[in-house]
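Please have the structure open while reading.

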Amino acid sequence: MRAGTVVVIGGGLAGISAAVELAEAGLPVCLVESRPWLGGATCSFARRGLTVDNGQHVFLRSWTSYRGLLDKLGVADRVDMQDRLDLTVLAPGNHARIRRSGLPTPLHLTRSLARYQLLSPAERLMVLPALAGLWRTDPVGSGDEIRLGEWLARHGQGEHARRTFWDLVALPTLNTRPDRTNLGLARGVLAGLVLAGRDSADIGVPAVPLCDLHSAPAVALLNRLGVHLRLGTKALAIRANPAGGGYEVSVLGTALLCHEGQLPFDRAEPELMTAAGVVLAIPAWEAAALAPRELAGPAARWARLAPSPLVSIHVIYGRPVTGLPFAAAVDSPVRWIIDKSRAAGLDRGQYLAAAVPAADRYVDSPVASIRAEFIPALARLLPGAAGAAVEDFFVTKERRATFRQVPGSTALRPAQATSQPRLAVAGAWTSTGLPDTMEGAVRSGKLAATAVIDALASGDRPGRSAPQPEPAAAAWS
Ligand SMILES: Cc1cc2nc3c(=O)[nH]c(=O)nc-3n(C[C@H](O)[C@H](O)[C@H](O)COP(=O)(O)OP(=O)(O)OC[C@H]3O[C@@H](n4cnc5c(N)ncnc54)[C@H](O)[C@@H]3O)c2cc1C
């Protein structure tokens with residue numbers, strides 16, 4: 001490995017974005033990813049001739065960091081971006097449509113909200129002042145201490161309004177039940193959706209499988225930028241290098257040993273990499289375990305961010321059951337439906353993927369019982385699905401899809417620059433002001449890379465790097 005190399009650990013969107021930034025700044029970079037592919041929580045697999053995503057991934061026009069990465073990857077034409085927000089909201093036996101007008105923000109949504117027929121006229125009148133009140137809350141102070149559900153109840157939002165309107169905004173974006181959701185993060189979602197600009201909430205969806213949107217193009221871009229890619233290589237430990245600053249990263253190559261999803265790490269010898277700097281771009285819980293002992297104090301806080309599961313239901317119908325490319329849903333265990341037929345390569349019938357966020361109730365359920373509940377639930381939302389033959393039904397479960405965005409979590413999210421010179425953390429779980437999303441991941445990667453680039457440029461002069469190291473608590477093993 002070249003002298004002065006920065007090692008990026010983790011090849012999700014955060015690690016990819018950090019590696020791109022570092023390489024574009026002219027630094028030698030090595031990216032270490034334990035799986036044999038890049039993309040992390042955004043990945044695909046093959047099933048019966050289709051390419052299936054582990055879960056639906058939706059984004060907004062206002063997500064400039066994520067969309068900037070798509071541009072760099074050369075895949076901006078592999079997504080479908082709405083010209084204008086137009087979202088059908090399904091409910092059993094009913095539906096509504098949210099469309100933005102050409103008026104300036106926030107007036108661009110008022111007509112849609114005034115006509116949102118899943119709420120009664122009285123409820124609609126109450127929603128607009130509540131939206132304005134939510135905007136005035138403090139996102140990081142009291143906003144980090146209060147639950148959205150509690151706040152809504154105090155601001156005249158009844159159970160029905162919560163289920164049919166507020167769940168729509170908060171549940172899919174925060175992957176946490178609204179009665180438990182962190183108020184400050186919900187406010188951030190609202191700002192991104194409504195207030196960032198008239199077109200901020202226009203929705204984008206991948207037109208190809210995630211492996212063709214993120215993984216393969218990232219490998220190609222990083223190769224072009226001269227990044228040394230170590231796929232199928234797990235970082236085992238990091239320690240400050242006593243000789244000459246920087247870090248030693250202990251890694252274990254596993255790619256050649258991969259067999260049927262098993263990674264028998266015990267059959268290979270660890271290897272020591274010398275790094276001028278490190279970007280630790282792995283999930284909070286794993287970062288906490290891997291952090292060098294000087295970061296034991298902060299790492300103990302990262303580990304307190306609890307995971308939240310997301311379950312995806314995949315149904316292949318024998319015939320088309322809806323003309324909608326995607327839709328949100330309320331008053332149903334299904335929260336979001338996307339037509340994945342074209343992206344997955346289905347040429348007959350229709351493939352719908354349905355997302356079930358905050359899926360604690362379902363993550364341990366057998367597929368048969370999920371099927372028994374969700375096929376009828378989909379038919380209640382989509383009349384065309386009633387009676388349609390189901391040719392395939394399967395479920396993907398991500399137990400640690402995001403961190404649980406509950407009160408107190410904002411205070412646990414670290415800035416990307418740490419107290420350790422030239423060691424930064426990245427990941428959608430770090431402090432970005434955003435929920436755990438693709439935009440947050442990419443933004444965190446850029447911030448972490450900038451922290452390392454600045455520290456290297458300044459030679460870690462006193463005053464440039466972050467404060468004193470935390471007391472050591474864990475031993476190097
Ligand atoms: C099913 C599902 C649906 C989602 N839907 C949406 C959505 O619609 N919109 C949206 O914006 N976001 C969505 N998200 C969230 C989004 O995917 C994440 O916020 C984002 O991808 C996280 O990226 P990351 O790089 O921070 O972390 P990750 O993607 O988790 O990447 C971390 C990487 O580190 C690697 N790693 C871990 N430990 C080690 C180690 N010791 N050594 C080397 N490598 C290691 C992992 O293998 C992984 O590749 C969804 C997530 C899931 C799971």
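Which helices and strands each supply at least two residues of the shell around the ligand? In this predicted model, they are helix H1 (13-24), strand E2 (29-33), strand E11 (233-240), strand E19 (390-403) and helix H14 (438-458). E11 gives the largest share, three residues.

**Make-up of the ligand shell**
- The ligand has 34 residues around it, and Glu33, Ala41, Val58, Glu286 and Asp436 come nearest.
- Sorted by class, the shell holds 16 nonpolar, 12 polar and six charged residues.
- Domain 1 (6-42 + 211-305 + 408-458) and domain 2 (46-62 + 204-208 + 306-403) each contribute at least three residues to the shell.

**Polar atoms and burial of the ligand**
- The side chain of His57 has an N or O atom 2.8 Å from an oxygen atom of the ligand.
- For Ala235, a backbone N or O atom lies 2.9 Å from a ligand nitrogen atom.
- For Gln56, a backbone N or O atom lies 3.0 Å from a nitrogen atom of the ligand.
- The protein buries 91% of the 1000 Å² that the ligand exposes when taken alone.

**Strand E16 and its partners**
- On strand E16 (residues 326-329), Phe326 and Ala328 point one way, Ala327 and Ala329 point the other way, and all are buried.
- E16 pairs with strand E7 (residues 86-91) in the parallel sense over two bridges, and Ala329 in E16 is the bridge partner of Leu90.
- E16 and strand E17 (residues 336-339) run antiparallel and are joined by three bridges; Ile338 in E17 is the bridge partner of Phe326.
- Six residues lie between the strands in the hairpin of E16 and E17, where Asp331 takes a positive phi near 55 degrees.

Definitions and conventions
Residues numbered from 1 in each chain as written. Predicted model: local features only at pLDDT ≥ 70, side-chain atom pairs only at ≥ 80, totals over all residues. Heavy atoms only, no water. Near = heavy atom within 4 Å. Polar contact = N/O pair within 3.5 Å; in protein donor to acceptor, adjacent residues only side chain to side chain. Areas by Shrake-Rupley, 256 points an atom, 1.4 Å probe, with all protein chains shown as cover. Helix = DSSP H or I, 4+ residues; strand = E, 2+ residues; numbered from the N terminus. Nonpolar A, V, L, I, M, F, W, Y, C, P; charged D, E, K, R; others polar. Domains from an automatic or database assignment. Buried < 20%, exposed > 50% of the residue type's maximum accessible area, 1.4 Å probe, protein only. Pairing = 2+ DSSP bridges.
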